[in-house]
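Dear colleague,

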Amino acid sequence: MSNPSNFKFAKTDEWVSLEGNVATIGVSDYAQSQLSDIVYLEFLVEPGDEFTTGDSLVTLESVKAAADVSSPVSGKVLEINEALTDDFEAVNADPFGRAWMVKVELSDPSELDSLMTADAYTTYCEERDH
Amino acid sequence: MTEPTIFEISSPGRTGVKFQASDVPQFDVPKEFLREQLPMPEVSEIDVIRHFTRLSQLNYCIDTGFYPLGSCTMKFNPRINEVTARLAGFGKVHPLQPVETVQGSLALMYDLQNWLGEISGFSGVTLQPAAGAHGEYVGVMIIRAYHKDRKDSKRTKMIIPDSAHGTNPASSAMSGFDVVAVATDNNGNVDLDSLRAVCDDTVAGLMLTNPNTLGLFEQNVIEVVKIVHEAGGLVYGDGANLNALLGVVRPGDLGIDLMHFNLHKTFSTPHGGGGPGSGPVGVAAHLVDFLPCPIVGILEEGSEDYPPLYGFVEPAKSIGRIKAFFGHFGMMVRAYTYISMYGKEGLKNIAEGSVLNANYLMTLLKDTYKLAYDRLCMHEFVLEGHWPDAPEVHALDIAKRLMDYNFHPPTNYFPLIVPEALMIEPTETESKQTLDLFADAMLKIAEEAKTQPELLKSAPHNTPIGRLDEVKAAKDLVLCCWIPEKNS
Amino acid sequence: MFIPNTEAERDEMLQKIGLSRIEDLFSDVPKEFRYPDLNLPEAVSEMEALQNLKDLAIANDSTDDLICFLGAGAYNHYIPASVDAIISRGEFLTAYTPYQPEVSQGTLQSIFEYQSLVAALTGMDVSNASHYDGATAAAEACVLAYHHFRGKRTKFILSRYLHPHYRETIKTYFQGYEKIQITGDDAVEGFQASEDLLKLVDTNTAIVYVQYPDFLGRIHDFKAFAEQVHAVGAILAVSVNPLALGLIKPPSEFDADIVTGEGQPLGIPLSYGGPYLGLFATKNQFMRKLAGRLVGETVDNKGNKGYVLTLTAREQHIRREKATSNICSNQGLIALTSTVYMSLLGKQGLRQVAKLNYDKAHYAADQISKLKGFEVLDLGAFFNEFVVRTPKPVSELNSLLLDYDILGGYDLSKDYPELENCMLLAVTEMNTKDDIDYLVEILQEVSND
């Protein structure tokens, strides 16, 4: 699965897509493949919560691993994708679409500048595989 | 083969025990409290004996074969321990009896406290903790209490090497400390530079496993302890690997401030399929006042004619009670029996035997399996279970294939810092012949990995059941074969 | 003895390693600390060890020597012979945690059955594979509640009639959590009814802990209480005596969220306080937050039913400092003990033994209430324990009873100053009518001295 060219990526494998001042956050295809089959997903934030870079938004569990989705940006939670709690398989099946996790209002849009482009992230993933 | 569950073999009207008829009048239970449905199985005694005997036969165990699980110290469990723990004077004693009626239990606990202290070089010991992780939590709480007592509130950081057992960071976090990891250097020791870099006046302590989980004795242990002490922190010893040191060196002498013991690893009490453990904690003199309460002490000194009167005492600044009653007494009886049979000169034979067995086995395997750190090991060693010319084979496949050779697999995927780790701990109770057979199997499997990798990928083939679908288990979550009727 | 290799074999192995002396294996150990002189006794043979241990054991008075009326969280019950026969099998005794399911189906299926039996007995949806004991299970339930509310609710309310050791353990566990307020168990007028606890319940309350039957043996109906606890969104946790649940309604009937308890009455020897068994069962809603092991059903690569440890990603070996609990064992063999016990007794036996306890305790209370100078406190319905006000201090009375080979009840004044001269008596199926009549006779005799 190729990384969408209009998304930005964090070193910790989260993606961000921007519409106006609203950012949507999820995890990358590389992240889901490393975790293997997701068996549980739990939101650690709810709409209205404010958070800063690095705060944990979501917990993911597979059979052999657990990972926290940490926020690559700062802001306020507008919406969470509650359907994912039951449809956690979407994280494996459609990480860039159906498995969006949190929509946030950015408090500092300049934080996006420090994230990677899709191309840079693709290279970054390839390096880690070797 | 599949054994039905105890619920599935239930037949209405059966029972496995007959109690005597009541010899007192019947009293009515008020209707509002009386239980109507009791959905428990109904089976006869022979049903129960056969069911659990059949289940037992699906288990691998120390009694049937070699169990080289790294970090678990699967040594022989002497049967005399089972006999002594079941003596009526121990097994049928109530924990709240007046101390005058339990002087045997208290004398045993008093001696065991002292013996463990002597073996490890500590001034005080609590026998209360129920398991190693429970002992760790006690240790971490003692560290907190020590700094608090000194009115030093800055100490929020617990340093933990990246090779540590997962319980170390979990215990620290559970007690509210921030966990800071330090790296391992090229020789498998704590990296002194990264340790120095994180040691400041916010350090509460360091949790050090020695020998570490790579099976290596911390070569800079004196320096490590000094760095932490100079920063004002305490050094906690994870005693999981004490088997390698018994009678050879005492952690307290190396400057370790406190440590837990695993009676179920080092002192031969059985693992019982996952418990009960027992995790006493030993502390240096400056921490004795913080031990959990109560501990066993002498209430009245004895004389030539009378033994002392043993009882319970509360340490002056105790962190408090950490479980009901006084610990896993049955495990204490077993450990006491075991230690008494080795005695002052014999304990070192345990460490020597376990270290000799590990190094011998490592020597037989290290040309075929990559050794993570090539130096003399202590009681265990870590191999890498993969080869460039067998790319599809992983440590897990080797582990599963070993079962076909009638061996229990080593610990795999731990420690996390070694890729495809296979962690092997033979213990002192295995013979050279067993080690030779195990090495032969490991070498054959290495050969198979290159010639018939599919044999490994689909292993095990000779076990009661094949590889299990863990994803299905976690997704479907059937944790119970009895489904409650919901109140409407 | 326990180390098989001969000296010749050791030399051969050393040679293979490339060393000449055993001591060379320890070259990394600082020389000045090697081979300390240990102040320990000389080694003894197995025969001598057994004799030494027998000498210590007979220095104790056991419940074989004494008629036991002591309970307070540990009870003298009959253990059928088949229980020990099963748990003594090496296949269970000497196996490790079932991390390799292909060679551990015996342990795994028996844990699965344990989980099912505990769920059935408590009426809850799910049970874990067990905790250390009743006290630590209660503390872990509070840890669960703390994490359930992500630390945002900071009040824990404990009933004064939750076992004193359990309350102390919870307080010890939380001493590092400065924001947590543990309340509810202070001395009050009378015998704290649930209304007193409810006054404390608010939207900052994470958990309310009660005991059933409570520490004084009383059976309460917590139905209305539970509704009020739930009205503010708090968790209702109940510590139970599992044997009582053979006779009285399970906590699920008053909508408890978490049920913990001491499993010792289920076939586990008194053994001077341990190892015992921490029961831990919850509603489905809390399943993911259960600390400790869980076994789940699945299939193997040929479609055969089998069992594995599941939800392990919550545990410390994966989550490390992010795990909510550090627990990494269960009570393995002790959980098996209770599994065999519950299976043997089953539906009929559990009901029968619970009723024997109930009847004998009520008979004893009736007889004692007729004694001059003694008062059985009327505290409502009770199971197998009740409170007696005595004409002398309990410790004094108990010493006198010991002279008649009677192990008297628990002295409540230690934990409850308001219950001066009050004794908590436990009566089980082990006490015959003659035992009880003898107790009554001796109580009268020694109180007249």
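This is a predicted model: local features need pLDDT of at least 70, side-chain atom pairs count only at pLDDT 80 or more; totals for chains, interfaces and linings use all residues.

Overall form of chain B

Chain B contains 13 helices and 13 strands. Along the principal axes, its C-alpha atoms occupy a box of roughly 75 × 65 × 55 Å. The radius of gyration of chain B is 25 Å, which agrees with the value near 23 Å that a compact globule of 488 residues would have.

The two domains of chain B

Chain B is divided into domain 1, residues 80–341, and domain 2, residues 350–472. The centres of these two domains, taken over C-alpha atoms, are 31 Å apart. Their contact draws on 25 residues of domain 1 of chain B and 19 residues of domain 2 of chain B.

The size of an interface is often expressed as the accessible area lost when the parts come together. For domain 1 and domain 2 of chain B, the buried area is about 1,700 Å², and carbon and sulfur atoms account for 63% of it. On the domain 1 side, the residues that lose the most area to domain 2 are B:L214, B:L216 and B:N243, which together make up 31% of what that side buries.

The domain 1 residues that touch domain 2 comprise 10 nonpolar, 13 polar and two charged residues.

The contact between chain A and chain B

Seven residues from chain A and four residues from chain B take part in the contact between the chains. The area buried between chain A and chain B is about 480 Å², with 66% given by carbon and sulfur atoms. On the chain A side, A:D37, A:V39 and A:V63 supply 67% of the area buried against chain B, more than any other three residues.

Which residues form the salt bridge between B:K475 and its partner in chain A, and how far apart are the closest N and O atoms? The partner of B:K475 is A:E89, and the closest N and O atoms are 3.3 Å apart. One salt bridge is found across the interface of chain A and chain B. The count of residue pairs in polar contact between chain A and chain B is likewise one. By class, the side of chain A that touches chain B has four nonpolar and three charged residues, and no polar ones.

With kind regards

Methods: Residues are numbered from 1 along each chain as its sequence is written. Chains are lettered from A and ligands numbered from 1 in the order in which they are written. Side-chain values use heavy atoms; hydrogens and water are left out. Domain bounds come from an automatic or database domain assignment. Contact means heavy atoms within 4.5 Å. Buried area is the accessible area (1.4 Å probe) that two parts lose on being put together, summed over both. Ala, Val, Leu, Ile, Met, Phe, Trp, Tyr, Cys and Pro count as nonpolar, Asp, Glu, Lys and Arg as charged, and the others, Gly among them, as polar. A salt bridge is a side-chain nitrogen of Lys or Arg within 4 Å of a carboxyl oxygen of Asp or Glu. A polar contact is a pair of N or O atoms within 3.5 Å; within protein, one must be able to donate a hydrogen and the other to accept it, and residues adjacent in sequence count only if both atoms are side-chain atoms. Helices (H or I, at least four residues) and strands (E, at least two) are DSSP runs, numbered from the N terminus. The radius of gyration is taken over C-alpha atoms; the globule rule is 2.2 Å times the number of residues to the power 0.38.
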